[in-house]
Amino acid sequence: MCSVIATLLCGGVTHSATEISTETPTVNFERDVAPILEANCLRCHGSESPDGDFSLSTATSWRESGFVIPGKPEQSHLLMVVQPDGDEPPTMPKEGKHLTQSEVTILHRWILAGAEWPEAVTLRVRSKADSTWWSLQPVSQPVMPKTASTSNNPIDHFVRAKLDEKDLTPSPAADRRVLIRRLYFDLLGLPPTPEAVKEFVADSRPKAFEQLVDQLLASQHFGERWARHWLDIAHYADTHGFERDKLRDHAWPYRDYVIRSFNADKPYDQFLREQIAGDALDHPTDESIVATGFLAAGPWDFVGQVETKSPILRRAARALDLDDMLTQVMTSTVGMTANCARCHDHKLDPITQREYYQLAAVFAGVRRDNRDINPQRREHYEAEKTRLTSTVSQVAAQIGQLQGDGLDLADIVGGGNGFGTGKKGLGLDARTGKIQERPFGDLGNVKPGNFAACDSLLIDGVFVPASGQTRISSTGLIVNNLPANSGKAWDMIRHGPVSSQYSTTLGNIDYNSAGHSMIGLHANAGITFDLAAIRNAGNTRTALDVSTVEYRFSAVVGYGGRTVEPSAEFRVHLDGELKSTGRLGRNDTANISIEIPATSRFLTLISTDGGNGYGHDQISFGDPRLTISTPATINDDRQEQLARLEQKRASLEADLRSLGEPPEFYGVVSEAPPAVHILSRGNPEAPGDSVSPGTLGFGKADVQFGTNDMPDTSRRRALADWIASADNPLTRRVIVNRLWHWHFGTGLVNTPSDFGFGGGKPTHPELLDWLADELLRSGWSLKHIHRLIVTSQTYQQTSVPVVVNQKVDPAAVDDDNRLLWRMNSHRLEAEAVRDSVLAVSGKLNHEMFGPGYRDFDYKEAYAPIYTYQTADSPPLWRRSVYRFIVRTTPQQFMTALDCPDPANLTPQRNVTTTALQSLALYNNEFMLKQSRYFAERLQREDGSSVDDQIERAFQLALARSPDGTERELSRHAIAEHGLWQFCRTILNANEFVYID
Amino acid sequence: MNHPQIPQRQSAITRRAALKLAGGGLGSVALSAMLQAEQPAHHAAKAKSVIQIFCPGGMSHVDTFDYKPELAKRAGKPFDPDGKLQFFASKPGNCQPSFWKFRQHGESGLWVSGLFPKLATCIDDMAFVYSMHSKTALHGPGCFMMNTGFTQPGFPSMGSWVTYGLGSESQDLPSFVVLPDPRGLPPGGIINWGAGFLPAVHQATTLDAIDPQNPIVDLFPTGDAPNSSGPGASSGLDFLQQLNRRHLDQRRGNTDLEARIAAYELAARLQLSAPEAADVSSESLLTQQAFGIDDPDIGPFGRQCLLARRLVERGVRFVQIYCGAENTTAQKIRPNWDSHEDLPRDHGYWGRVLDTGASALLNDLKSRGLLDETLVMCTTEFGRQPAAQGARAAGRDHNGGAFTAWLAGGGVKGGVGYGATDDLGYQAAEHPTYSYDLHATALHLLGLNHEKLTYYHNGIQRRLTDVHGHVITELLI
């Protein structure tokens, strides 16, 4: 370091700089100095985690660093490091070019003049692209170039103009068989039938192709095909993903929404508005509400967001959740990688870290969850359901009393009336009396001895027993001297087994089987039934005098845990008085039978852990019944009454069934948004300034975002308005480019979700703008753009390179065919391959919409297990867009064919060719079965003539007749290996999966 | 960053279209693209292949390799007297020293607990990173981070990156093979070895260690379907290839079609090579015994370790072995290292499994002279807390703050440790290291610069190491 100082002091810089400073005007910090620092220093010495703890971003931070001494450039460390030290090059900047002499001079003069740095000026790293970037400019209205093309489709003139520049010539039109096959796969994702091919080939009308286009655009299969493209960029799937990859049973309404929207040619601006804020529109409809399934389509971490108790882990999971949502919205709609600004300002595009968090604030009130499509319908449904259930329950109670059946206490624990109206598996929390369905483990916040009332009228309340005094009733009954226990509690008091139940068999009877019932009473817990209420509920409508009803309580008591030696204790109290007790292990049972006089009020069951605190200590009460001690005899009157009641119950239950649960869907639930902060380096544990909702700094200027008081719905509405505005320069460009990409295999911009500096630039910027403008002129009609594209001569060219009529070698000039001197050939996507196999075999099930088909066995577990099975029944032969998509366990046949991982947003699919893919198509059982069905179809429809079968197979699969050689080869193959092996081969042929 | 040149489609084929200029005719272009032919490395490599053992659930460092005498001194005292901490599933219990006694081993004198008596004899070949930590303490994201460098799903696994960077050395076998635990999948499922956004050719091929006759899904048809290959067997494949060649004749120059023809030929070769590689019966009895392949508990993992050696011997670039599962309904013990309630029971079980298989693997590789060119790595999701968990204080909760990873062979120094945790093993203290440094180091040994191994995806030049990572030079020979 000393030598550096010495060099500087002795060197010539001081001298010359001093000279200059006397001759030139003062240095302006913002104009002269800031750009040098921003361009050369800030990338490492910026505000976020500056290298060497030295930040040049604000006046305060550099002053504190001491690296600049105002007025003394020679002693300022900053100046030393940016200049050469003798033969040694400057030590800074470490990466990139060294400062020029004039830049050093400016810094020198600035320091000499006092190193003025206005407090308000904060330096930031400049992004590579600024607001002048091409995609951020307003969409222009280009004039169609005049070219030699005879087409009346403007697309052809825009394309031809670029070809002319390179001396390239368009290729001739493909023949009609190629065209119809191309068009069918492109628009419908299915092969044309031989009849359709024949008709089109013979159609001599001048507009035959246009009419075919219109026909296909009107087909309902169009939406099925194009929805799949959109679902790729929504990373849609039917499970949550992550560790506990649970079923997302109600995701499909969103998938159907996309299919319906594309079929109806819903204006694209409306399509976007609905998906971002369909529940926040002026007049939301069922359809627009379901559209918000878009925001929820991606993966969701149940363990991170719900299960873990750690707030740090929860915050981290939520931050990633919001990032996923906003990344999806911004890349899919406006092709901006705003997610790159999560940890720092975007290095390429003009997007600040603040703007990222303003966008995060737009979604901060959004939670992915099931929701009702129509809340009013839900309210009505719930009210009706409650009314009917309660009536059924009364009738059932009357029937039970007439028949003299016992009341089932387990059913009462499950919220029922004792006669089968309760819900199995339901539990009561011994700490609070609240109803819980999901399994619990070790419970926190346990207060032994504390009594809690329950909602059920028939249950007085629940408690966790204390070893000393324990209150067991609402009236203040106290019992003392309960068995010593650990004071802990696990899981719930359940109608059925508890969550850790090792066995439900007590003695020789499985009390969890049909015809039996059980109360699972995990240690340490107690429950008190209100016998007075039970007498009233059960007997008011019968002839019995409530005040005289005597019961007998009977049950088989056992131990449901693993421990063999007696480990847990049970107790039965009647009005506080101990009636029965015992200590049980896995092989022990106790039969209890207790008389209950008409005057008794409270029956209490208690389970304790014997003080050892084993997590699985538990008591089960098998067939816990209250029977009337003197059952009434059933006379004729009563028989008649019974018949009437049975009839009434049947009719009520029918009403209940026909009530029909209102539809739910997996979408977003709107909540009050919490404050959103800028997170230093994206770290949720390092919050900085709070930000209000907002969006990126271009496009429509008058979108009102407002302050943090803004409700969730208004935030999303504002963002939707900004995105779906005609003034947004990106929205229209991005979608017309996507359509182009999906039709041609490559977009005019070859990065469909990235229109920033990191993405590609348009090969045909004028055409892109013309199409974007045309979209607006057509009222945002996507089908209009589709029609324009596929009816162009450019689209109808042959894909086989025809070099003879080229002036130059196209491979040398444009090997990638970006200028479209021919059409691109494509390999079919995974879904189209599968759908085509089914179409050709004759097995395709055209059923549209509704829950997806599941070609797997599902096994419930902590992390559910999905095991794929061969799709070999009509319900599984639906189109692939209806496949129930599992995130953690992808369908390997589809993955082998490049079906993407739905964790990723996939604007363009990979196309790979692998040995595993060949094995899948050649050997997978689905393919073998379908080959046989294909053969059976040929035999069924084309008789026994091998030549007819060969002809038909080629027509069905390849839309053409075989030539003489192929016919000969086919005959030979059939003779040697059989018809189905021939069919298997056709379904594996390159020509079957490649579209010219 | 330079303005990225984005190919029309980043398919395996077009990425290598340049090969066309290098001569050799279309057939060889397509075939080499298919095979993911060897790619030039960034620098000279020490390791030719990698065997990575992954222990799902979270292996405890304080019970295995990270010796913490201070923890023993504080045994039974509250770990968090202020009650401020909240772990993944519980509040911290008391300080809980290792359930196994630690001893020093080998010339290096590194500490190993009594859980790993056999691995302890290999200590002078092993290098430890004691200061690993993770950005998460959740199983799914934890697995993703250690396998892909990101806590979210959808990113390519390390094996995919390696094959993307280096291609395959084998002509007849896939370059990236995974051997999942036969008890089930790890947390997060199949995508732990997925290719993410990389082309599907880079995803792992799953090898079924239990069925050596049919080790790869769809390798052979079911039922009475004729096989697609087999010397002398009458083959439907000839007819397919005749059709394909005629189709190609009318579309000359289309390398995609050529590649697809080659793919069927490679598939036929795989039908011969995969069962051969998966068949361990040709191994000597002594070898089979060393890997314990007949033991009902140790056997499955031992067999996988033995298979891994056979695979790298045959030129497979990257083999990943799972020591533990997740989504299984097995009841007896925890199906992986996630020992919340009974660590002596669960680590005791899995420790014996890992100890036998991994030590046999190291010894076997060494005796065959393969260890020098094979990098063996053993990683987990995260560590476990120095505090006890559960009513019996016999478990430990998740700890994203510290864990240990070890490496051996392939240019790694033996008998060294890097980094350290604090006195109790709660947090990485000296040289805290995320997956990035470990991945950067492994790539470096394979001849790859982790900063140059990139792939454009949705606006970003993605890397295995995100924007981080330093090669841990202290561990290199």
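Guide: Start with strand β5(B), residues 176–179, which pairs with β6(B) in the parallel sense over two bridges. Strands here are DSSP E runs of at least two residues, helices are H or I runs of at least four, and both are numbered from the N terminus; two strands count as paired if DSSP finds at least two bridges between them. In this pairing, B:Val178 stands opposite B:Thr206 of β6(B).

Some bookkeeping before we move on. This is a predicted model, where local features need pLDDT of at least 70 and side-chain atom pairs count only at pLDDT 80 or more, while totals for chains, interfaces and linings use all residues. Residues are numbered from 1 along each chain as its sequence is written, with chains lettered from A and ligands numbered from 1 in the order in which they are written.

Now zoom out one step. The pair belongs to an open, mixed sheet of eight strands in chain B, ordered β6-β5-β7-β1-β8-β11-β4-β12. Its edges are β6 (205–206) and β12 (416–418) of chain B, each pairing on one side only.

What about the packing around here? Of the 301 residues in the largest nonpolar core, A:Ala360, B:Leu179, B:Ala308, B:Val319 and B:Cys323 touch the most other members. A core is a set of buried Ala, Val, Leu, Ile, Met, Phe, Trp, Tyr and Cys residues joined through C-beta atoms within 7 Å, and buried means 20 or more other C-beta atoms within 10 Å (12 or fewer is exposed, in between is partly exposed), again with C-beta atoms placed from the backbone. The element giving the most to this core is α7(B), with 12 residues. B:Cys323 touches B:Ile53, B:Phe54, B:Cys55, B:Asp181, B:Phe301, B:Trp350, B:Val353 and B:Leu354, leaving out residues up to four places away in sequence. Apart from this core lies another, of 59 residues, including A:Leu409 and A:Met492.

Helix α31(A), residues 915–923, is mostly covered, with nine of its nine residues buried; A:Leu919 and A:Tyr922 are among them.

That brings us to the interface, where 75 residues of chain B are in contact with 84 residues of chain A. On the chain B side, two or more residues each come from α1 (12–15), α4 (139–148), α6 (237–249) and α7 (255–278). The largest share, nine residues, comes from α7(B). By class, that side of chain B splits into 37 nonpolar, 30 polar and eight charged residues, taking Ala, Val, Leu, Ile, Met, Phe, Trp, Tyr, Cys and Pro as nonpolar, Asp, Glu, Lys and Arg as charged, and the others, Gly among them, as polar.

And the partner itself? Chain A has 36 helices and 26 strands, and 50% of its 996 residues are buried. Its C-alpha atoms fill a box of roughly 110 × 95 × 55 Å along the principal axes.

Two backbone spots in chain A are worth a click if you check geometry. A cis peptide bond joins A:Met92 and A:Pro93, with omega at about -10°, and A:Pro93 sits in the loop between α5 (77–81) and α6 (101–112) of chain A. Another cis bond links A:Ala523 to A:Asn524, with omega also about -10°.

Technical notes:
Two residues are in contact if their C-beta atoms, placed from the backbone, lie within 7 Å.
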